[in-house]
Amino acid sequence: MTADSLFDLDLPSLPDLPRQEGQNGEVFTRRWVVDLILDLVGYSSDRDLAALRLVEPACGDGAFLGPVVERLSSSCRKHGRSLREAADAISAFDLLSRNVHSARGLVTDLLLREDWPIDDVQAVVGAWVNQGDYLLRRRSGTQVDFVVGNPPYIRLEDVPDSRMTAYRRACTTMNGRADIYVGFYEVGLASLKSGGKLGFICADRWMRNQYGRDLRQMIARQYSLDLALIMHDVDAFHDHVSAYPAITIISNRPQGDAIAADAGADFGPEQARALLSWIAQDQEQRIDAASYHAARLPHWFSGHDSWPAASPARLAMLEDLGDRFRPLEDEMTGTRVGIGVATGADKVFITNQADLVEPDRLLRLSMVRDTKTGSLEWQGSYLINPWDDRGDLVDLSAYPRLAAYFRQHEPALRKRHVATKQPTRWYKTIDKVDHQLTDRPKLLLPDMKLTIHPVLDHGGHYPHHNLYFVISDSWDLRVLGGLLLSKVAEAFVEAYAVKMRGGTLRFQAQYLRKIRVPNPAEIDEQTCRDLQEAFDKRDVQAATQAALRAYGLDRLPD
């Protein structure tokens, strides 16, 4: 065994499993997909591949390794290299001895068919393919030009405890309920030379889930996401698996141009070649073929937040708007996004009885049902308000009816987490009431809706926690309401938000803050009037047409 395959830690090996695809995280990739990835990273036989170094971190039976060796063999012939000169050109690993044996056999047969001397073949195959845990191997510091493959699909909690602990210690991006492929990204990227490329086909959930947060941050800070090709419906593997795969190409360089692509069920070898041709020509900004769509972006999305999910054309639009406009929540315009009051016990704190406690302890509360028609139609809900105007809890001795009511419900109120943490403040709501918010005009947006639904509160109500609000020092809220009613604004939320069963979207503050908006002072008067009118009439189509003018867009891409 080579030095590269030694373990940092003395850990028990995972037992060999029955030779069946899908077990131990194995999902074997079709040949044309492998060739696509090798072409995308630039591993081609016209280059002197013997002088470069490629790593396959989980080689399995050799789905990637076979095509890699074919290209390396052809390159050696073209460049007058002996096979022994390529002894350092490949490092392939697998945890399972049976896979190592199979991969070595495949490579040996391939090289012998190409008439390489048997002594040379035996020498390089032993150097190229070794048993070892890629995530835990001793790192020699050798930098590589390529890392390619199909990392195993295993939930971290399904790994034995000792190895799971070691993985978390070795790979700092493997947080929460991460799959171990997150570690393969981290280790692979860290091994790249300047300009080196990683090409994986892998589940794309890390791009949006919480457990991919640190990996996204790592890529945004140090690397360039060059291509993301979503392949959810593509027949990319030898057996059908629900893996939600995507090909990602990531370079060790500052972020440059990026390509977003989405392939349909009919995407295959012919379409892959056509996509490669479009990428190489570097002329058209978009391509819309029958089985795939792709768009060039000036850069990829930055930071650790979830990456948006949309068609390539939509992603290009969102990136363009992100570059040209400021976010909805913005200090420059004094615009803020927030959420209504959470009580921890709505059955206690919310009432329709206007005489239940002292009148100044009742605050008109706007509820989701009040917004249903598109206008705020208050239906009589009150918050039983324990907060004074300074943000302090009221003294119950000053409010005998309020005190009697809270004492009646004291057991239930004390069971709340917020009360167990602060037992002397057992009658507080989870959130303080900001009394300045009550009288301010604000846009209200229900948390869960099929479409975006801004509603204007002229003032006098406080929002419930199932409503988000937007307030602003600069915006005419009817103009802003028209923008938010439009499909342009909704496109931001659609791309970032969690979509629930039936297509319901979550219009939470974190997603509303993703919306980009023009400078209100730069929107012409006619467009402002059109946005106001569309908002008043709840005319989404008219709002969208006016919003397209405000954003400087010709159309909203599908």
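Buried means under 20% relative accessible area, exposed means over 50%, and partly exposed lies in between, with a 1.4 Å probe and protein chains only. This is a predicted model, in which local features need pLDDT of at least 70, side-chain atom pairs count only at pLDDT 80 or more, and totals for chains, interfaces and linings use all residues. Residues are numbered from 1 along each chain as its sequence is written, and side-chain values use heavy atoms, with hydrogens and water left out.

**Stop 1**

Select the ten strands of the open sheet, whose order is 3-2-1-4-5-7-6-8-10-9 with mixed pairing. At its edges are strand 3 (129-131) and strand 9, each of which pairs on one side only. From one strand to the next the twist averages 15°; axes here are lines fitted to C-alpha atoms, for helices over the stretch in contact, and angles run from 0 to 180 degrees between N-to-C directions. Strands (E, at least two residues) and helices (H or I, at least four) are DSSP runs numbered from the N terminus, and two strands pair if DSSP finds at least two bridges between them.

Now select residues 224-230 and 258-263. These are strand 6 and strand 8, which run parallel and are joined by four bridges. Leu 229 stands opposite Ala 261 of strand 8.

**Stop 2: salt bridges**

A salt bridge is a side-chain nitrogen of Lys or Arg within 4 Å of a carboxyl oxygen of Asp or Glu. The count by this rule is 32.

Select Arg 84 and Asp 120, a salt bridge with its closest N and O atoms 2.5 Å apart. The two residues come from distant parts of the chain, 36 residues apart: Arg 84 is in the loop between helix 2 (65-78) and strand 2 (90-94), and Asp 120 is in helix 4. Arg 84 is partly exposed at 47% relative accessibility, whereas Asp 120 is buried at 14%.

Next, select Arg 163 and Asp 133, whose closest N and O atoms are also 2.5 Å apart in a salt bridge. Arg 163 belongs to helix 5 (residues 161-170), and Asp 133 to the loop between strand 3 and strand 4 (144-149), 30 residues apart. Are these two residues buried or exposed? Both Arg 163 and Asp 133 are buried.

Move to helix 18 (residues 525-537), where Lys 537 and Glu 533 lie four residues apart, about one turn of the helix. They form a salt bridge with the closest N and O atoms at 2.8 Å. Lys 537 is exposed at 58%, and Glu 533 is partly exposed at 41%.

**Stop 3: two loop residues**

Most residues other than glycine have a negative phi. Select Asp 115, where phi is positive, near 65°. Asp 115 sits in the loop between helix 3 (97-113) and helix 4 (118-128) and is exposed at 63% relative accessibility.

Then select Asp 282, which has a positive phi of about 50°. Asp 282 is in the loop between helix 8 (269-281) and strand 9 (286-288), and is exposed at 52%.

**Stop 4: cysteines**

How many disulfides does the structure hold? The structure holds zero disulfides, a disulfide being a pair of cysteine sulfur atoms within 2.5 Å. For Cys 202, the nearest cysteine sulfur is that of Cys 171, 13 Å away. Cys 202 is buried at 1% relative accessible area, and Cys 528 is buried at 17%.
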